[in-house]
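Me: Please take a close look at one part of this structure, the charged side chains and how they pair up. Start from a loop residue for orientation, then go through the pairs.

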Amino acid sequence: MKKFLALAILFVTATCTVSAKLNLPTKRIGNETFYYYEVKKNETVQDIASKIGVNKDLILKYNPSARNGVAKKQLLFLPVSEFDNKAQQSSGKKALITDDVVTHTVKSGESVYGISRTYGVTESDLLAANPSLAYGLKTGEQLVIPSKASSSSEIVYHTIKDGETLYGIAKAYNTTIEKLIELNPGIASSNLQADDVVMIQPNTTKDIIVQKDIKQFIPYVVTAGDTYESVAAANGINVKVLKDANPEVSKLKKGKTIYIPRDAIDKQVVNTSTMTEEQLENSYKDKFDEVYNDVHSPNKDNSISISIILPFQTDMKNRSKNARDYDEFFNGFVMALDSVGGNLTKPLNINVYDTKLSPGITDSILSLDALKKSDIIIAPSESDQLQRILAYGQKHNIDILNCFVAQSEDYISNQRSMQVHIPSPYLNASIIEMLRTKYQDYELVFLDDPSETSKEIYEEIKKYANVSKHPHKTLTIISDLTGKTLSKYLDPASKYLFIPANGKETFINKFASGIIEAKTMRVDCRLELLGHPEYTMYLKKHKDDFMAMDTHIYSRFFLPDNAQARALNSKYVKKYGKPSNSAPNMSVFGFDLGMFLVNAYANDITPGDKASAYEGIQTNFFFERANNWTGYINKSVRIINLTSNKEIKITDLND
């Protein structure tokens, strides 16, 4: 006896639609119930299909031998599940987009400005929809996002409800899992969180191949010596399943026809609009990561490919300062590769291109086929070149590192943008969050400077204090502040945080001695100073003053004078013949970035994953998406505390 194949694969081009249960007897075979029909004399498959009211292809799918014709008394099987109304496919009608309320849960470090830009609405519209914002923005607060959708295919937003799945959302909005992943690279099937928001483009469906395990039934004519056990063993099936398929045959006799169930895979080309939520989940749940990588990481292989596109201007005698900075950055990057290269388990490809500050040359570089294999591209600060490279990354699904521009909003509209320096709105919001928590029992003392324009963060903190009723007062500094004058404004046994209007050194000279004197005079009070990033440039001259004032400087980066930094500088001088004198130190920046990238990719960690967080010498990297559909921003904010105990402590607000 010939052994039948235990597995078959079918391809059909359309879903067979059925609408009613059949008036046929049934039998239980294994764990499934089947209708069966006994063929009458001279009947054809088409006759039978018309008689019982099903599609001919449905009969052939489960009874493949019928393609060669059927014989009198032959049994044909059809699973009852094909006719179960609960399993019917949906109509595939377009989703009706209503004015469902979209809510956004405020995350730590977010601002009204940032939220409004993320959703493409105005601040005034956001304020109008949320009157409570007049009292300040609070972490965990839920904001109503004004609706913008005006057609059934325009982008809309959806707030995820408890228990919702991607498959249910796709079904409700008549879209595909691929489209949801494409628009929302920050989501995954396993990490949906209630109150998260996703971007959706309704009524965007596609044809896909749906795979389903089925049983087919193959007629077999018994030969001499056959038993249920021998036939079952020869076909790799369970004896009970074989007997269930042939309950009227108690003992096998030569010449008797029996039916052998065999496992098969049915593959159908269907449109996602016709699938139920359960069918969508069954089709995608085991291959979600594969689909995600196909959408967002099509260039992946078992190597690390980093491309650096910068205007080094190597052919020019009088190069710009930016070009010299890029040199130092690249030199530091190479030092990072030297330090970890021997430990890599994957091939590392570094492609370096000089744009020579020419948009035309930049375009030529972007036309190279080799560039499409990049895992990530490091882009320059020059606007026209940066925009070209960002557009390239969006088109080819390659992450673009914006390393040198802080005041950029490209991350909002470009999923592939990775902004190394935290944008000002998020920086400001992070500092305000620190004041709201760590300094909640401090009175804020605003030091106004009428001779200079105040920093944006200063005005933002003032607004926060007024709206939230955080205790505060304002002192206008016209001439040098004295300890005696300041002491008049200090209550006994109280805590104060002084916040200067700007980071000018001339302004520091006006108030520093007064705060230092007041700390000596008023030992009952705790006095501290919030320092602006510019203060790091004055450390050689003012370090003792900053320590005496117990100063907390916030900054996107800071290079400490420690053994690690000195050792790196010594290696740099030995390798390149002269020290790196840029501020921030571009060689250390290149080193930190190289270490971050290579460690992430070497350990199969996407640079935006939380596991990729890296503490550098001068710069920390803690990338997060601003929202599910935006690019990445580095959320790192360093706090450099120069203490009255003559110590320098460095922490990160993300620690």
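**A loop residue and the charged pairs**

Reply: Pro533 sits in the loop that runs between β19 (526-531) and α19 (539-548). The model is a predicted one. With a relative accessibility of 24%, Pro533 is classed as partly exposed. Beyond its neighbours within four places in sequence, Pro533 contacts Ile553, Tyr554 and Ser555. Its C-alpha atom is 25 Å from that of Phe330, a residue 203 positions away along the chain.

Now the charges. The structure contains 29 salt bridges. One of them pairs Lys215 with Asp263, with 3.2 Å between the closest N and O atoms. This pair links distant parts of the chain, as Lys215 belongs to strand β9 (residues 207-221) and Asp263, 48 residues apart from it, to strand β10 (residues 257-271). Lys215 is partly exposed at 22% relative accessible area, and Asp263 is partly exposed at 43%.

Asp325 and Lys321 also form a salt bridge, at 2.8 Å from N to O. Both are in helix α11 (residues 321-340), and because they are four residues apart, about one helical turn separates them. Asp325 has 12% relative accessibility, so it counts as buried.

In a further salt bridge, the closest N and O atoms of Lys356 and Asp354 are 3.7 Å apart. Lys356 is partly exposed at 31%, whereas Asp354 is buried at 16%.

Asp410, in helix α14 (residues 410-413), is buried but has no salt bridge: Arg117, the nearest side chain of opposite charge, is 8.2 Å away. Outside the four places on either side in sequence, Asp410 contacts Leu386, Gln387, Leu390 and Ser417.

Conventions: Residues numbered from 1 in each chain as written. Predicted model: local features only at pLDDT ≥ 70, side-chain atom pairs only at ≥ 80, totals over all residues. Heavy atoms only, no water. Helix = DSSP H or I, 4+ residues; strand = E, 2+ residues; numbered from the N terminus. Buried < 20%, exposed > 50% of the residue type's maximum accessible area, 1.4 Å probe, protein only. Contact = heavy atoms within 4.5 Å. Lys, Arg positive; Asp, Glu negative; His and termini not counted. Salt bridge = Lys/Arg side-chain N within 4 Å of Asp/Glu carboxyl O.
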